[in-house]
Amino acid sequence: MSQRVILHVDMDAFYASIEQRDNPVYKGRPVIIGADPKQGRGRGVVAACSYEARAFGVHSALPIGQAWKLCPDGVYLPPRMAHYVAISAEIMAVLERFTDLVEPLSIDEAFMDITGSIKLLGSPEHIAREVKRQVRETTGLAASAGAGPNKFIAKIASDIGKPDGLVIVAPENVEGFLADLPISRLWGVGPKTEKRLHALGFRTIGDIRAAGTGALKALGDSGAHLEQLSRGIDERPVAPHREPKSIGAETTFDEDSRDREFLTETIRRLAERVGRRLRQSNYRARQITLKLRYTGFETHTRQATAARPVRADMDIARMALGLFDRFPLDRKVRLLGVSASGLVLEDHEAQLDLFADRAQKKTEDLNDAVDRIRDKFGDSAIVRPRRS
């Protein structure tokens with residue numbers, strides 16, 4: 001059996017780069033995607049940012065108000081998810097020109113098993129350069145790429161090369177490649193585990209490898225896993241067509257609220273966003289979950305199971321609102337979220353059309369028509385009326 005060659009392709013500052021591409025005046029400026037900062041008083045977090053913004057200390061998941069304080073002269077933009085998803089589809093289509101074994105990890109990165117492509121297309125380096133070139137040619141965006149004998153090595157390689165980088169790690173160079181990297185590069189090592197490993201005297205991946213088998217037995221199964229990674233061993237295959245576990249949308253309010261009408265309308269809007277994403281991905285959902293966070297960050301979730309898998313906005317909203325009725329409004333609400341899980345492909349539920357009543361079918365057809373109009377003319381082309 002030939003040695004596997006895995007390529008990891010990761011777009012550079014994906015959302016922000018799209019905005020800079022679409023609006024040349026933003027090039028070279030710190031672009032921050034997320035909630036309205038309201039001059040430092042905004043709620044919500046940074047969804048993504050450009051490399052120019054990162055130089056100011058801005059990063060994803062940073063509170064948007066704090067981002068504004070670090071970078072008040074940045075360009076603050078709301079996310080355009082439908083646009084980003086469409087460009088992601090173009091990128092994945094490029095990757096599939098080189099191999100059928102493409103495993104998307106998120107909207108802007110994927111693993112590729114190019115083992116079987118080398119004889120036909122050339123060396124791993126040549127393939128990686130071609131992938132990068134064709135992605136840029138198709139989208140106008142830069143991607144970083146890393147290749148190695150497994151997913152773990154390929155992912156680190158692409159990270160190290162950013163932005164617009166290319167790093168190839170041959171099997172015989174794996175030990176040297178990993179030796180001086182910090183232990184935080186190991187998958188599964190978060191701040192707590194890193195602190196614990198430091199207490200045990202480990203600073204680099206090479207330290208763990210040199211300590212030998214059983215060095216991390218105090219960590220149990222996770223220790224054995226980390227020992228394997230320290231030796232560059234990762235047997236996981238590239239798994240194309242990985243299905244999402246859930247699809248969701250949430251919003252943090254500018255001001256906490258206990259206004260039932262306002263909260264109800266928010267849930268309906270979130271249900272529309274979830275429904276649209278379900279239909280775009282060709283899924284139905286068996287479960288709907290409502291997430292509610294009160295003032296003070298106390299967070300609760302409740303879930304309901306549908307009699308049959310749903311995808312219509314009205315069905316999702318009805319279930320979410322039923323869950324909302326079970327929460328007391330004895331204090332203000334900071335955040336609401338709606339998510340769909342237990343996903344099944346639409347093709348697997350085709351028989352539903354045989355049993356759905358006419359009203360249900362009309363509702364789903366209406367949703368499809370609204371989706372097409374919004375795809376063509378923008379989300380604001382059709383706005384549903386407020387309901388009590």
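Ile18 touches Arg80, His83, Tyr84, Ile87 and Leu141, leaving aside residues up to four places away in sequence; contact here means heavy atoms within 4.5 Å. This is a predicted model, where local features need pLDDT of at least 70, side-chain atom pairs count only at pLDDT 80 or more, and totals for chains, interfaces and linings use all residues. Residues are numbered from 1 along each chain as its sequence is written, and side-chain values use heavy atoms, with hydrogens and water left out.

**Two residues to look at**

- Ile18 sits in helix α1 (residues 14-22); helices (H or I, at least four residues) and strands (E, at least two) are DSSP runs, numbered from the N terminus.
- Ile18 counts as buried because its relative accessibility is 0% (buried means under 20% relative accessible area, with a 1.4 Å probe and protein chains only).
- From Ile18 to His83 there are 65 residues in sequence and 9.1 Å in space, C-alpha to C-alpha.
- Ser341 belongs to strand β12 (residues 333-345) and, at 14% relative accessibility, counts as buried.

**The open sheet**

- Five strands make up an open sheet with mixed pairing, in the order β5-β6-β1-β7-β8; two strands pair if DSSP finds at least two bridges between them.
- At the edges are β5 (102-106) and β8 (166-168), each pairing on one side only.
- Strands β5 and β6 (residues 109-113) run antiparallel and are joined by four bridges, and Glu103 stands opposite Phe111 in β6.

Terms used
Buried means under 20% relative accessible area, exposed over 50%, partly exposed in between (1.4 Å probe, protein chains only).
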